[in-house]
Amino acid sequence: MTSNSSTKKPLRLGMIGGGQGAYIGNIHRIAARQDGAWQLVAGAFDVDAARGHAFAAGEGLDPSRSYDEYKAMIKGELAREDKMDAVAICTPNFTHFPISKAFLEAGFDVICEKPLTATLEDAVSLEQLVRDSGRFMGVTYTYSGYPMVHEARHMVATGQLGKIRTVQVEYPLEWMATAIETEGNAQAAWRTDPKKNGRGGSIGDIGTHAYHLAGFVSGLKLESLTADLATFVPGRALDDNAHVMLRYEGGARGLLWSSQVALGSSNGVRLRVFGEKASLTWFQEQPNELVHARLNGRTETIKRGADDLSEGAKARTRTPPGHPEGYLEAFANLYAGFAEAIRAKREGRDPSAIGRDIPTAYDGLKGVAFVDAVVDSSIALDQPWLTPVAV
């Protein structure tokens, strides 16, 4: 992201979880470092304290700032003049609420993995705490960090598609197509445990990404939904596939599909927005392109880095056209936005004035509410959910 953060002293970042073998923790650390806006200074990286300390040493952290667990980290950092500015929470869903709550109440800003919490009650409570405390809380809905997603958002907002009629979004994965949670895969194990993951399986893990992306680009507010959840892998306690029909305020309709059992799909996030005058298509595995089809039959491929893109897209572009940018850069765009939002809040500036458009605690709350509504809808429609058709 084009930024002047490198001319400012980096904000001090702490991290909970995300240690050895944790995929998402490393993504957070890489993203935080890219623009020079953050410096990792502290952490409680593992439920196994000894393993966490070994990891911290490998990261070059001061041993006195490697903590056994998050409560000790709060106490230790509060006692320092150079205490951390914010904490990144990279732990399973069921821990997000107590950890976030503790850090917010202690006066720290928070960056949290999605979904915000495992229950809607906790999400409502946490979002209220953010507002009451005056702290900043960012939620890592990664796909809103891509330049061409911001270009799509700009094109919709400026009326280039006309009134939106239909939004279709999907997030298919294949990695849980078999019962890997019973074969020692720790990441799959907690994601299939309702006590740790929450009520939604695929819809909570990746469906929330799809829901946020659709609303972020279209600007539409969800009014109601009808959902059909399925669990295809025998013995699994949560859904691994979800189909959701969406109705937006103003009359637009939508379809959302999330799946953890879609063979051949590595990370196939795809968004299509159809308006009265034109449509847009964006595919995460080809993130530097946006396909724009017009009513007159003319279709063009808009490429990242073009001179005539919106300021939002330009601000999130690091390399010239033809040099691919992807997931790590999108994640880094979020971290750059989080840093700017924290600085703006401290300096009495409005961070929205510089167009960061970053996901916050309220977006996290909406995501948890969406998951809850999907699960409720699927339960209500389960017996029977369709009228039989005689052929």
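**Entry 1: T91**

Contact here means heavy atoms within 4.5 Å. I note at the outset that the model is predicted.

With that cut-off I looked up T91. Leaving aside neighbours within four places in sequence, I found T91 in contact with I16, G17, H96 and I99. I placed T91 in the loop between β3 and α4. Is T91 buried or exposed? Its relative accessibility is 14%, so T91 counts as buried. I then checked its side chain. A polar contact of 2.5 Å joins it to the side chain of T95.

**Entry 2: helix α4**

I went on to α4, residues 93-105. I tested its length first. At 1.5 Å a residue, its 13 residues should span 18 Å. I get 19 Å between the end C-alpha atoms, which agrees.

Next I listed the buried residues of α4. They are N93, T95, H96, F97, I99, S100, A102, F103 and L104. After the helix comes G107, and I read a positive phi for G107, near 100 degrees.

**Entry 3: α3 against α4**

How do α3 and α4 pack, and at what angle? I took α3 as residues 70-78. The angle with α4 is about 10 degrees, and the axes are 10 Å apart. Angles under 35 degrees count as roughly parallel, so α3 is roughly parallel to α4.

I noted who makes the contact. From α3 I have Y70, M73 and I74. From α4 I have P98, I99, A102 and F103. By class, the contact residues divide into seven nonpolar, no polar and no charged.

**Entry 4: D85**

I found D85 in the loop between α3 and β3, the strand at 86-90. Buried or exposed? D85 counts as buried, because its relative accessibility is 10%.

I looked for polar partners of this side chain. One polar atom of it lies 2.6 Å from the backbone nitrogen of R12. A polar contact of 3.0 Å also joins the side chains of D85 and R346. Setting aside neighbours within four places in sequence, I list the contacts of D85 as L11, R12, F108, D109 and R346.

**Entry 5: D68**

I turned to D68, in the loop between α2 (49-58) and α3. D68 is partly exposed, at a relative accessible area of 43%. Which residues does D68 touch, beyond those up to four places away in sequence? I found A44, D46, A49 and H53. With H53 there is a side-chain to side-chain polar contact of 2.6 Å. I also checked D68 against M84. They are 16 residues apart in sequence, and their C-alpha atoms are 17 Å apart in space.

**Entry 6: helix α1**

Last, I ran the length test on α1, residues 23-34. At 1.5 Å a residue, its twelve residues should span 16 Å. The end C-alpha atoms are 17 Å apart, which agrees.

I listed I24, G25, I27, H28, R29, A31 and A32 as buried in α1. What do they pack against? I found strands β1 (11-17), β2 (38-44), β3 and β4 (109-112), and helices α2 and α11 (327-347). G36 follows α1, and its phi is positive, near 75 degrees.

Terms used: Residues numbered from 1 in each chain as written. Predicted model: local features only at pLDDT ≥ 70, side-chain atom pairs only at ≥ 80, totals over all residues. Heavy atoms only, no water. Axes fitted to C-alpha atoms, helices over the stretch in contact; angles between N-to-C directions. Helix = DSSP H or I, 4+ residues; strand = E, 2+ residues; numbered from the N terminus. Parallel < 35°, antiparallel > 145°, perpendicular 65-115°, else oblique. Nonpolar A, V, L, I, M, F, W, Y, C, P; charged D, E, K, R; others polar. Buried < 20%, exposed > 50% of the residue type's maximum accessible area, 1.4 Å probe, protein only. Polar contact = N/O pair within 3.5 Å; in protein donor to acceptor, adjacent residues only side chain to side chain. Expected span 1.5 Å × (residues − 1).
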